[in-house]
Amino acid sequence: MKVLVVDDHPIVRAGLRRLLATEPGTEVLEATDGKGALSVFRKEQPILVVLDLNLPGIGGLEVLARLKAVDPDARILVLSMHDDQIHVTRALQAGAAGYVSKNASPEELLEAIRRVAGGYTYIEHEIAEELVFSQIRAASHPLKDLSSRDLEILRQLAEGRTLSQIADTVGIGYKTAANNCSRIKARLGAASTADLVRIAIRAGLVDRDAGVSCAFLRPRS
C-alpha cells in the first residue's frame, strides 16, 4: 500500500513514517509542497494521500482540488492544525474522504488512515461532534461565505504575496485574481488589503508570526 505524506515539516513526515511502519506492506512516499505532491501522485499513484493544509506555495485546499481533478477517485485524508468548521467543511466539499487534526492521538490517526485507505470516510470524533453542534447553533464564522479558492487567495494575501504572484501560483489570470480579491473584500466588509490580512490572521488562516510585516498592518492615519 503506497501512502503519500504531504507536509512541509520534517518532524511530521518522520513521525508519520514511524507510525505507518507498524502497518505491514506500507510504502511511505513524501512531498513537501503542492507541486511535489502532484508530481509524486501522478508518478506513483498512491492508494492514500495524507495532506496538510498549510503548505508553502499552493495551499492544501487547492492541492486537494487538483489531486481530485487528476483522479476523481483519489483517497485523501487531511491532517491539519486547523480543526474549525470552515476548514473542515471546505476540505470535505473539495473531496477529502477524511479529516483529522494534529491534536488527534496516534491510535485515532491510524484508524483514520485504515478507514480512508479502505474506501470509507472518517472525521475525528471531536471535530465531528463540533460540526454537528455548530449546525444546530447555526454558528456564524467570518469566512463562512468564502469558497475554497477565496480562502486560498486570502491565505496567500496574508502571507504577503502580490496579486501577480497569487495569480501565477493558483493558475488564474491577474484580472481574475483582482476580481476575486474585490469580491472577498465586499463579502468580509473589508476596506483594504490590510484589513483582509488582519481578518485572515484572526481567523487562523496563517500564523501570526507568518503574516506580512507589521508596517503593512499599521492602522491607516
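**Helix packing and model confidence**

1. In this predicted model, helix α2 (residues 34–44) packs against helix α3 (residues 60–70) at an angle of about 20°, and their axes lie 10 Å apart. That angle makes α2 roughly parallel to α3 (under 35 degrees counts as roughly parallel, over 145 as roughly antiparallel, 65 to 115 as roughly perpendicular and the rest as oblique). Axes are lines fitted to C-alpha atoms, for helices over the stretch in contact, with angles from 0 to 180 degrees between N-to-C directions. Helices are DSSP runs (H or I, at least four residues), numbered from the N terminus.

2. The contact (heavy atoms within 4.5 Å) involves Gly-34, Ala-37, Leu-38, Phe-41 and Arg-42 of α2, together with Val-63, Arg-66, Leu-67 and Val-70 of α3. By class, the contact of α2 with α3 comprises 6 nonpolar, 1 polar and 2 charged residues. Here Ala, Val, Leu, Ile, Met, Phe, Trp, Tyr, Cys and Pro count as nonpolar, Asp, Glu, Lys and Arg as charged, and the others, Gly among them, as polar.

3. Helix α8 (residues 163–170) and helix α9 (residues 174–188) cross at roughly 110°, their axes coming within 8 Å. The two helices α8 and α9 are therefore roughly perpendicular to each other. Leu-163, Ser-164 and Ala-167 of α8 meet Tyr-174, Ala-177, Ala-178 and Cys-181 of α9. The residues of this contact divide into 6 nonpolar, 1 polar and no charged.

4. The average pLDDT (the predictor's confidence in each residue, from 0 to 100) is 87 for the protein, and 89% of the residues score at least 70. Over residues 211–221 the pLDDT is below 50, and this stretch has 21 contacts in the model beyond near neighbours in sequence.

5. Residues are numbered from 1 along each chain as its sequence is written, and side-chain values use heavy atoms, with hydrogens and water left out. Local features need pLDDT of at least 70 and side-chain atom pairs count only at pLDDT 80 or more, whereas totals for chains, interfaces and linings use all residues.
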